[in-house]
Structures are given as structure tokens and as C-alpha cells.
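Visitor: Could you walk me through this structure with a few questions and answers?

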Amino acid sequence: MPPRPNLFAAAFLRNGSGWTGAEVDLTEAEIADDVGDAVQEALGLTGDELAVLCVEVEDEWFAIVRYDGEADPRVFLSDAQAGLADSLGELFAELAGVAVDKETPDLGVRPAGDFELLADFGLSAEELLELSMEEGMLPADTLSVVAERLSFGDELDRLR
């Protein structure tokens, strides 16, 4: 995949005293498993940790992926149509379980995936949906609010 000038991806590892973050390079991601491999490499995961990946692409869409040990990743995608925009969007749509339909007209922003992936951190599905669909709110702004709610806002700011 060619490099994207307006792509930001960072993963955050939950440890005993909070969160540690690292930028994640997704330029080589061609299949969904490559995303998990990039997170594992960036954070040095051994397999049983809790990690959250935050991705923002331009001012168009964002994704949040939760890796919890050996369980399948849980994914929230701010717009199911992201898969139409580029190959990275297609990867995250696949991870979120969205079948990209290039024949259907654009129906506007439609979040997809696991809306409850952050509920145990105090961010309900309703709040996540409200944040992702708030008019005038850019993906970077939404991820900043999510990061603050999960207590890794300072780490996110440091990496930006």
C-alpha cells in the first residue's frame, strides 16, 4: 500500500499503572492479519496483553481495534463506507465485518463493527456512536475524546 500523508495510527498497551503508546506503521498492511502484526511489533506484545489501536485517515474516518490476549480483535469503524475509499479502509471494513458494496449509493456516515468494545472502560455504545456521528467533529477530535475517557489522552497527544 502506498504511504498516506494523512494517516495516523497508534496503539496503546494497558499496564498496571496506566497505558503506554507507540506509533504503528500500517504502510505494509495488505491483509487484516498484518494490522495485528504491526500492533504486536510496535508494542512488543507477547500475547496476553490488552491493547487498543486508534487509526485516523485524513478527515474522513477512524477505527478503534481492541486486542485482548488471544481473543479475536474487536473493531469499531466510524464509517462503513471507508472500504470504498482505499485499501486501508477495506482492511478495517473487513476487520469490522462489513461487506463493502461498491454498487450501493452512499448513504452517509454509518458506523459499523463492535459498538460495545470500550463499554467496560466506561464508554457505552451510545456514547461511542454519538461521538462518531457528531456533526463537525473530525476523526482526530473523536479519538482524542475516546483517549481521554480511557486515560491515555496524554500518550496520544505525545505521539501526534
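Visitor: Is Phe92 buried or exposed?
Guide: This is a predicted model, where local features need pLDDT of at least 70, side-chain atom pairs count only at pLDDT 80 or more, and totals for chains, interfaces and linings use all residues. Residues are numbered from 1 along each chain as its sequence is written, and side-chain values use heavy atoms, leaving out hydrogens and water. Buried means under 20% relative accessible area, exposed over 50%, and partly exposed in between, with a 1.4 Å probe and protein chains only. Phe92 has a relative accessibility of 0%, so Phe92 is buried.

Visitor: How many aromatic pairs does a search of the whole structure find?
Guide: Rings of Phe, Tyr and Trp (its six-membered ring) pair if their centres lie within 6.5 Å; planes under 30 degrees apart count as stacked, over 60 as edge-to-face and the rest as tilted. The search covers the whole structure, and the number of aromatic pairs is six.

Visitor: Which kind of pair do the rings of Phe12 and Phe152 form?
Guide: Both Phe12 and Phe152 are buried. Their ring centres are 4.1 Å apart and their planes stand at 15°, so the pair is stacked.

Visitor: How many residues apart are Phe12 and Phe152?
Guide: Helices (H or I, at least four residues) and strands (E, at least two) are DSSP runs, numbered from the N terminus. Phe12 is in strand S1 (residues 7-15), while Phe152 is in the loop between helix H5 (139-150) and helix H6 (153-159). This pair links distant parts of the chain, and the separation is 140 residues.

Visitor: What kind of pair do Trp61 and Phe92 make?
Guide: Trp61 is in strand S4 (residues 61-68) and Phe92 in helix H3 (residues 87-95). With ring centres 5.9 Å apart and planes at 55°, the pair is tilted.

Visitor: Which side chain is joined to that of Arg66 by a polar contact of 2.7 Å?
Guide: Arg66 sits in strand S4, and at 4% relative accessibility Arg66 is buried. A polar contact is a pair of N or O atoms within 3.5 Å; within protein, one must be able to donate a hydrogen and the other to accept it, and residues adjacent in sequence count only if both atoms are side-chain atoms. For Arg66, the partner at 2.7 Å is Asp120.

Visitor: How many residues are in the largest nonpolar core?
Guide: A nonpolar core is a set of buried Ala, Val, Leu, Ile, Met, Phe, Trp, Tyr and Cys residues joined through side-chain atoms within 4.5 Å. In the largest one, Leu26, Val35, Val39, Leu53 and Phe92 touch the most other members, and the core's total is 33 residues.
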